[in-house]
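This report concerns helix packing in one protein model. Please consult the sequence and the structure shown here.

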Amino acid sequence: MTTAEAPESGTKARTRRAILDAAVEILSQNHAAPLSEIATAADVGRSTLHRYYPERSDLVAALGDHALDKLDAALVRARPAEGPADAALRRMSHECFEIGPTLALVYGDPQVLSNTAFWMRLDSTDAPLIDLLERGFAENTFTSNLQVRWIRRMLWWSLLTGWEAFNHEQYSRTEALEAIDETVARLTGTRT
């Protein structure tokens, strides 16, 4: 939002959030779902959805921003600068697991993947993850020969894979998180 724009009223903000949440839920399952299905899930009319997002591309761009807002909040909750690096990375993975549907949407929708602004913002949003990985290597908690940027990419894919195992393959939440933790430990060469 630019400084010239007024903040949205409570009703408008709730409507926008309902549309985005419904879009994440619907589109993470079916990228080709019609906007009418999203409007129904958000409990708004199609005309209301189109007032907020005139084109599908507008909605998809907003979903990228929505995903990054959720990621930013998850990273803040994880407190990546606190405590030993391996424990902080585990907290971060567990917090980010909760945004699984959003990850499924972002990494599965070619429109989001082709949005340059999304990737530029992701680079700054997940900077605390990069800092955490670098700290872990500096402290010798992480001993992998893999580059930090590779571990970063693989971490996001591990989180997505864990969410999909939980959501589609009858893994329990605990089993999915344990698999993610084991994968991340191997990626980082965490000493146990």
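The model is predicted: local features need pLDDT of at least 70, side-chain atom pairs count only at pLDDT 80 or more, and totals for chains, interfaces and linings use all residues. Residues are numbered from 1 along each chain as its sequence is written, and side-chain values use heavy atoms, without hydrogens and water.

Helices are DSSP runs (H or I, at least four residues), numbered from the N terminus. Axes are lines fitted to C-alpha atoms over the stretch in contact, with angles from 0 to 180 degrees between N-to-C directions.

| Helix pair | Axis angle | Axis distance |
|---|---|---|
| α6 (residues 100–108) and α10 (residues 148–168) | about 115° | 9 Å |
| α1 (residues 10–29) and α4 | roughly 95° | within 10 Å |

For α6 and α10, contact (heavy atoms within 4.5 Å) involves Gly100, Pro101, Leu103, Ala104 and Tyr107 of α6, together with Trp156, Trp157, Leu159, Leu160, Trp163 and Glu164 of α10.

α1 and α4 are therefore roughly perpendicular to each other, a term for angles of 65 to 115 degrees. On the α1 side, the contacting residues include Ile19, Leu20 and Asp21, and on the α4 side they include Leu59, Ala62, Leu63 and His66.

Helix α4 (residues 56–78) has 23 residues and spans 33 Å from first to last C-alpha, close to the 33 Å expected at 1.5 Å a residue. Its buried residues (under 20% relative accessible area, 1.4 Å probe, protein chains only) include Leu59, Ala62, Leu63 and His66.

Notes:
Helix = DSSP H or I, 4+ residues; strand = E, 2+ residues; numbered from the N terminus. Expected span 1.5 Å × (residues − 1). Buried < 20%, exposed > 50% of the residue type's maximum accessible area, 1.4 Å probe, protein only. Parallel < 35°, antiparallel > 145°, perpendicular 65-115°, else oblique.
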